[in-house]
Amino acid sequence: MNIKPEISWADFEKLDIRSGTIISVADFEKARNPSYQLEIDFGNLGIRKSAAQITTLYSKEDLVGKQILAVVNFPKKQIANFFSECLVLGVYGDNQKDVTLLSPSLPVKNGLQIG
């Protein structure tokens with residue numbers, strides 16, 4: 001297991017991690033690896049899109065309505081013909097393909113900041 005270098009508190013504060021609710025899910029047919037295209041409601045921040053390789057553990061039906069945590073202040077990233085506007089956070093399984101999404105243990109308002 002590789003441990004990343006220590007960062008400062010100021011480095012951590014640069015990340016804007018927010019709560020959101022997945023409102024739609026579609027197969028991402030042009031992705032190299034099996035993926036979904038997600039639309040996520042972040043409350044006052046609006047709706048953002050993300051591509052996520054989470055097809056192993058989650059069906060599309062499992063995801064709609066699910067609250068997640070995501071980094072919302074990365075620049076847009078083009079993946080094939082799709083622009084990902086946030087990074088959904090998850091925990092990698094042993095094979096690096098099984099991703100378990102991070103989510104609040106209780107319902108929270110969309111767009112709340114993690115700290």
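**Close-up 1. Asn110, a buried residue in a predicted model.** In this predicted model, Asn110 is buried, with a relative accessible area of 18%. That value falls within the class because buried means under 20% relative accessible area. Asn110 lies in the segment after strand E9. Which side chains make polar contacts with the side chain of Asn110? One is Thr21, joined to Asn110 by a polar contact of 2.7 Å. Another is Gln67, where the polar contact with Asn110 is 3.3 Å. Leaving aside neighbours within four places in sequence, Asn110 is also in contact with other residues, including Ser19, Gly20, Asp41, Phe42 and Gly43.

**Close-up 2. The largest nonpolar core.** Let's turn to the nonpolar side chains. The largest nonpolar core has 17 residues. Look for Leu38, Ile40, Ile54, Leu63 and Ile68, the residues with the most contacts inside this core. Which elements give two or more residues to the core? They are strand E1 (17–27), strand E2 (36–41), strand E4 (67–71) and strand E9 (99–101). The largest share, three residues, comes from E2. As a general background, nonpolar side chains tend to be buried together in soluble globular proteins.

**Close-up 3. Ile68 and its surroundings.** Ile68 is among the core residues with the most contacts inside the core. What is Ile68 in contact with, once its neighbours within four places in sequence are left aside? Among them are Arg18, Ser19, Gly20 and Ile22. Ile40 and Phe42 are also in contact with Ile68, as is Val88. Leu101, Leu102, Ser103 and Pro104 complete the list for Ile68.

**Close-up 4. Two aromatic pairs.** The count comes to two aromatic pairs. Trp9 and Phe12 form a tilted pair, with 5.2 Å from centre to centre and 45° between the planes. These two residues are separated by about one helical turn because they are three residues apart in helix H1 (residues 9–13). Are they exposed or partly exposed? Trp9 is exposed, at a relative accessible area of 58%, whereas Phe12 is partly exposed at 29%. Phe28 and Phe82 form the other pair, again tilted, with 5.4 Å from centre to centre and 55° between the planes. Phe28 lies in the loop between E1 and E2 and Phe82 in strand E6 (residues 82–84), so this pair ties together parts that are 54 residues apart in sequence. Both Phe28 and Phe82 are buried.

**Close-up 5. Salt bridges.** The count comes to four salt bridges, and here we visit some of them. In one, Asp16 meets Arg18, with the closest N and O atoms 2.6 Å apart. In another, the side chains of Lys60 and Asp27 meet at 3.1 Å, N to O. This pair links distant parts of the chain, with Lys60 in helix H2 (residues 60–63) and Asp27 in strand E1, 33 residues apart. Lys60 is partly exposed, with a relative accessible area of 29%, and Asp27 is partly exposed at 40%. A further salt bridge joins Lys76 and Glu85, whose closest N and O atoms are 3.9 Å apart. Lys76 is exposed, with a relative accessible area of 58%, while Glu85 counts as partly exposed at 21% relative accessibility.

Terms used. Residues numbered from 1 in each chain as written. Predicted model: local features only at pLDDT ≥ 70, side-chain atom pairs only at ≥ 80, totals over all residues. Heavy atoms only, no water. Core = buried A, V, L, I, M, F, W, Y, C linked by side-chain atoms within 4.5 Å. Buried < 20%, exposed > 50% of the residue type's maximum accessible area, 1.4 Å probe, protein only. Helix = DSSP H or I, 4+ residues; strand = E, 2+ residues; numbered from the N terminus. Contact = heavy atoms within 4.5 Å. Phe/Tyr/Trp six-rings, centres within 6.5 Å; stacked < 30°, edge-to-face > 60°. Polar contact = N/O pair within 3.5 Å; in protein donor to acceptor, adjacent residues only side chain to side chain.
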